[in-house]
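Trainee: I have a new structure to read. Could you walk me through it, please?

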Amino acid sequence: MLITFNVNNESRTIDIFPMARLLDVLREQLHLTGTKEGCGEGECGACTVMLDGQIVNSCLVPVAQVNGSNITTIEGVAQNDQLHTVQQAFIDHGGAQCGICTPGMVLAAVDLLNRNPEPSEDEIRTGLAGNLCRCTGYMKIFESVVRAYQK
Amino acid sequence: MRAFVPHYELTTPSSLADALALLKSEPGVWKPFAGGTDLMVLLEAGKLPHRNYINIWSLKELRGIDVTDSHITLGALTTYTDVQTHPVLQSEFPMLCQAASETGGLAIQNRGTLGGNIVNASPAADSPPALLAYDAEIELVSTDGSRWLPYQGFHTGYKQMLIAPNELLVRVRMPRNTRGATQYYRKVGTRKAQAISKVCLAAVAKLDHDQISDARIALGSVAPIVIRCVQTENSLRGRKPDAETIKSACATLSHEISPIDDIRSTADYRLQVAKNLLTDFLTTLRA
C-alpha cells in the first residue's frame with residue numbers, strides 16, 4: 001500500500017506492506033539509520049521516535065498506522081546544524097558510550113523537557129524509564145538531562 | 001524467527017460502521033488491531049498466527065472520555081497516557097491511573113489502550129484488576145447493535161472471553177461511587193517500569209461504623225484470568241478490619257486464587273505476596 005507521512009519535516013511516500021515495522025521502514029527504506037533496534041519487543045527504547053508529538057517504540061508501530069502522521073527521528077532533532085541542548089549536554093557530560101541507546105535516550109529526554117521544562121529527579125527517572133542503557137550506569141545520562149535544562 | 005510481513009494484512013476502515021461491516025462479512029477472518037503493543041511483539045517473535053487485522057487506531061468513535069453525574073465512560077482506544085492525565089480519573093479512580101503509570105514505559109503508555117488490555121486477555125494485565133474493583137462495565141457493538149455487560153465474568157478462562165467474532169469492544173464505563181472509599185493498588189514486579197507483574201492487587205472498601213462495607217478485591221497474575229475475589233469480599237462484609245478478620249480473609253483468599261510457577265515467579269511466592277498485599281490493604285483500612 002502507498003503510505004505518505006512527514007519525516008523530519010519532509011514529506012515521504014513509499015509503497016510498502018501495511019504490517020511492516022516503522023523501525024524497518026525508517027532504516028531500510030528511508031536510510032535513517034540513527035534509529036536503532038535493540039530488543040525488538042518494546043522493552044529497551046533504542047528505537048524511540050516522536051510520532052505526532054509523542055514518543056513511541058518504532059518497532060511496535062506497523063507502518064499503516066503512520067499514514068498522514070508527523071515523525072521526528074534522531075536525525076531531525078538538531079536544527080540547521082545546531083545541536084539540540086540535550087544532544088550537546090550528552091556530549092559534554094559523557095551521556096553516551098557505545099551509542100546504541102543514545103538516539104532513544106535523547107528523544108525521550110527531548111520529549112520530557114518539551115512537556116516539563118524543569119523536571120524533578122523522579123520525573124527524569126520516570127521519563128527515561130522505558131530506555132535501557134548497558135554502559136553508563138545511567139548517572140551520566142541523568143546528569144546530561146539535568147544540565148540540558150539548566151542551560 | 002521473525003514474521004514475514006507480506007503475509008499479513010492490516011486494513012484501515014474509514015469509520016466504525018465500516019469496521020463492523022468487515023467483521024460481519026467474514027466472521028473470524030478479521031481481528032481488531034489497536035496500539036499494537038502486544039501484537040507487534042508476537043509478530044516480531046514469529047508468534048502471530050492470525051494474519052488479517054483491522055486497523056482501528058484511527059477510529060474517532062472509539063476515543064474520548066465522557067463524564068456524567070453517575071458514570072465515567074472511556075473509549076476503548078483511551079491510552080494509558082490519556083488515563084493518567086484525566087482530572088476525574090486522577091481524583092476518583094486513582095488505581096486506574098496508577099495501573100496506567102506502571103504499565104510499560106512512556107512510549108508504551110502512549111500506544112497501549114484500555115480496550116486492547118482487556119481483549120488481549122492476559123492474566124497479568126495491569127488495568128483489569130482496577131477495572132474489576134471499580135465494577136466496570138463494557139460495551140460490545142456489532143452490526144446487530146450494542147450490548148453492555150459487567151466486566152466481571154467477561155473472561156471465562158485463559159484467553160477466553162464473551163465476545164463474538166463480529167463484535168468490537170468500544171467503551172468501558174465505571175460508576176462514580178468511590179467517594180469515601182479507601183483504594184489500594186499495588187503491582188509487584190521485578191522493576192518499576194516495563195516489568196510484567198508477579199502479583200497485582202486492586203481493592204476498594206468503605207467503612208461503616210468501623211465495619212467493612214462494599215469491599216471489592218481483584219488480583220492479577222494469580223489465576224488463568226484476572227479475578228475478582230468474591231468469597232474473600234464476602235468474608236469481610238460487616239466485620240471490623242482487625243487481626244482476626246485479616247487472618248480469615250487471607251485463608252479464604254488462598255482457596256480463591258490458583259497461582260502457578262512460571263518464568264516470572266513461583267506459586268508459593270505469589271500466594272504469600274497476595275496475602276501480604278491483602279493484609280496491607282486491610283491494615284490501611286484500619287488506620
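Trainee: What does the secondary structure of chain B come to?

Mentor: Chain B has 11 helices and 14 strands. Both are DSSP runs, numbered from the N terminus: helices are H or I with at least four residues, strands are E with at least two. This is a predicted model, where local features need pLDDT of at least 70 and side-chain atom pairs count only at pLDDT 80 or more, while totals for chains, interfaces and linings use all residues. Residues are numbered from 1 along each chain as its sequence is written, and chains are lettered from A and ligands numbered from 1 in the order in which they are written.

Trainee: Which radius of gyration does chain B have?

Mentor: The radius is taken over C-alpha atoms, and the globule rule is 2.2 Å times the number of residues to the power 0.38. For 287 residues the rule gives a compact globule near 19 Å, and chain B agrees, with 19 Å. The C-alpha trace of chain B spans about 60 × 45 × 30 Å along its principal axes.

Trainee: How many of the residues of chain B count as buried?

Mentor: A residue is buried if 20 or more other C-beta atoms, placed from the backbone, lie within 10 Å of its own, exposed if 12 or fewer, and partly exposed in between. In chain B, 49% of the 287 residues count as buried. Ser122(B), by contrast, is partly exposed, because 19 other C-beta atoms lie within 10 Å. You will find Ser122(B) in the loop between helix H7 (114-119) and helix H8 (127-133) of chain B.

Trainee: How is a pair of packed helices described?

Mentor: By the angle between their axes and the distance between the axes. Axes are lines fitted to C-alpha atoms, for helices over the stretch in contact, and angles run from 0 to 180 degrees between N-to-C directions. In chain A, helix H2 (residues 85-92) and helix H5 (residues 139-150) pack at about 130°, with axes 8 Å apart. H2(A) and H5(A) are therefore oblique to each other; angles under 35 degrees count as roughly parallel, over 145 as roughly antiparallel, 65 to 115 as roughly perpendicular and the rest as oblique.

Trainee: Which residues of H2(A) and H5(A) make the contact?

Mentor: Residues are in contact if their C-beta atoms, placed from the backbone, lie within 7 Å. H2(A) brings Thr85(A), Val86(A), Ala89(A), Phe90(A) and Asp92(A), and H5(A) brings Ser144(A), Val145(A), Arg147(A) and Ala148(A).

Definitions and conventions. Contact = placed C-beta atoms within 7 Å.
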